[in-house]
Amino acid sequence: MSVKTTLGAAVVSVLAVTMTACSAGSSASAPQGEKSYSVGVTTYFLSHFTPGKSAASNIDYALFTPLTRVDTATGKAVNAVAESIESADNKTWTIKLKPGWTFHNGEEVTAQSFADSWNATAYGPNAFLGNFLFADFEGYADLNPADGKPKTKTLSGVEVVDKTTLKVTLGKPLSLLPYVLGQTAFAPMPKAAFADLDAFDRKPIGNGPYKMEGDGLTAGVTKVVLRKFDQYKGEPGDAATIEVKSYQDEAAAYRDLQAGNLDVTLVSGNNLTDAAGRFKDRLVQVPYPAVVYLGFPLWDKRFSDIKVRQAFAQAIDRDTIVKSLLRGFGQPAKGLAGASIPGGGTADCATCSYDPAKAKALLAEAGGWDGPLKLWTYQDPLNSTILEAVGNQLRTNLGIQAVTTQAQPVDQLYPNMAAKKIDGPVLLYMGAGYPHLYALADQLFRKGSGTNVTGYDSPEFATLMKKAASAGQEEAMGLTQEATKVALDGLPLSPLFQPVGGLVYSAKISDVKPEFLGGVVLASVKVG
């Protein structure tokens, strides 16, 4: 979906790599004889459970099932609650629901359940994190006026035809809507939710394979318990209960795993290197649908000459960064996206090859470099290490001596980039919002996107992406690849590597499979 990405989306995308920790906590609280295991997550994922407010973690997908889901084997969007999703023009869509689905409280899942949920998220004054995802729905602007309060609370582009049928009208064609609808922001909400949205956020009533047990998210709580929903109409889970335990960071969860207190955790960086030695047979590599890149501030006249950007790009040794700093857990970038994203895996980046001699010559042709250079990133230990390595390579290969690095909290860095206050290249992570190259390219290169941090604006790119959105899905893939190459040839950013994480698990469980963003698919885990 060609979405209007906001700071909230940027935060979620950044956190997808650093926070999608799917570890496991002690299951001692489960009744004797019940199949159970524990899952540890970072505190961020136990902050909200309302579909439009949550972080779209694996916990959210255990509690809620949207219209579609991502097939982890193929990366394709397949129907879940939806019976069919059809359109003749990719702008007006008819969605029919499967019969028999219910919420955890027994209420029937209907077309109105989806419409009510979507309207609540799209309504600007609610300030839901997933609000931006509805930007291409007809009527979004009326719910999010530039000035004053909205005069309506419902999207004109969402019509309940009957109990099992929705009609959706977009502001412009988008053939990839079935992919978009697989995000938990598009999950349904029961009537009971709207009696007290705050209470619902603490103890949600979903339609997923697991339901919230006990009091849910209360003040000071560090864990919640999920119980198998016996009336679930999709593929049921194996465990009777899952304890979800929160950690401040993945390192703490990994230590608990080593101590025998956890059953599965997602690790990265040095923890992943250590896990590869300790848990050889119980480590599942997870290629993230993401790219780590160096973005150039196009508003800075020092980077207005493409030869300067080309010089920087070819002065960076991606292979060494992956081998030495990531211990091989990553893929040196040859293009924007890796093969884990449909449409990715192509060598569409002409300047991703390491050529220090050519880099130095290009910089000289552009008039050389005068003065200091500051490199930026968001606060993260691994990011800082990688940025230091990039700085050293630029110093060595381009002769820029006064190179310094600076890290800011993510909620400061993105506004500063939007205000054009960042005075140098920035190292960032970006994950695709849904499994398609279109999502990643749209987020990074579309004019007006909150995660287009470089100021890139290309009419040629925009035209190709518009054609892709209007085309059938096969043709859309080729057009998106063409648009991506146009953007990378313009070089507003230079891809460095596609990151890899790992799910480490105990001997107690099996069938550990990663979801699209990397967390373990909770319902797929087998106990015993």
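I take axes as lines fitted to C-alpha atoms, for helices over the stretch in contact, with angles from 0 to 180 degrees between N-to-C directions. The model I am reading is predicted.

**Entry: helices 14 and 15**

I looked up how this pair packs. Helix 14 and helix 15 meet at an angle of about 145°. Their axes lie 12 Å apart. I noted the crossing as left-handed. From helix 14, the contact takes in Tyr438, Ala441, Asp442 and Phe445. From helix 15, I listed Phe461, Met465, Ala468 and Ala469. By class, the contact residues are seven nonpolar, no polar and one charged.

**Entry: helix 16**

Next I turned to helix 16, residues 473-490. I counted 18 residues and a reach of 26 Å from the first C-alpha to the last. That is close to the 26 Å expected at 1.5 Å a residue. Which residues of helix 16 are buried? I found Ala476, Leu479, Thr480, Ala483, Thr484, Val486, Ala487 and Leu488. An α-helix has 3.6 residues a turn, so residues three or four places apart point the same way. The cover over the buried residues of helix 16 includes helix 14 (437-445), helix 15 (459-470) and strand 18 (493-505). After helix 16 comes Leu491, with a positive phi near 55°.

**Entry: cores**

I then checked the nonpolar cores. The largest has 149 residues. Ile95, Trp118, Leu226, Phe312, Leu336 and Phe445 touch the most other members. Helix 14 gives this core its largest share, seven residues. A second, separate core has 14 residues, among them Leu262, Val267, Leu272 and Leu283.

Beyond its neighbours within four places in sequence, Phe312 contacts Phe296, Phe303, Trp369, Leu373, Leu394, Leu398, Ile400 and Pro425.

**Entry: two lysines**

Where is Lys172 found? I placed Lys172 in the loop between strand 7 (165-169) and helix 5 (177-180). Lys172 has a relative accessible area of 38%, so I logged it as partly exposed. Lys172 and Lys223 are 51 residues apart along the chain, and 43 Å separates their C-alpha atoms.

Lys211 sits in strand 8, residues 210-213. Leaving aside neighbours within four places in sequence, I listed the contacts of Lys211 as Leu63, His104, Val225, Leu226, Arg227, Lys228 and Phe229.

Methods:
Residues numbered from 1 in each chain as written. Predicted model: local features only at pLDDT ≥ 70, side-chain atom pairs only at ≥ 80, totals over all residues. Heavy atoms only, no water. Helix = DSSP H or I, 4+ residues; strand = E, 2+ residues; numbered from the N terminus. Expected span 1.5 Å × (residues − 1). Buried < 20%, exposed > 50% of the residue type's maximum accessible area, 1.4 Å probe, protein only. Contact = heavy atoms within 4.5 Å. Core = buried A, V, L, I, M, F, W, Y, C linked by side-chain atoms within 4.5 Å. Left-handed = near helix turned anticlockwise from the far one by under 90°. Nonpolar A, V, L, I, M, F, W, Y, C, P; charged D, E, K, R; others polar.
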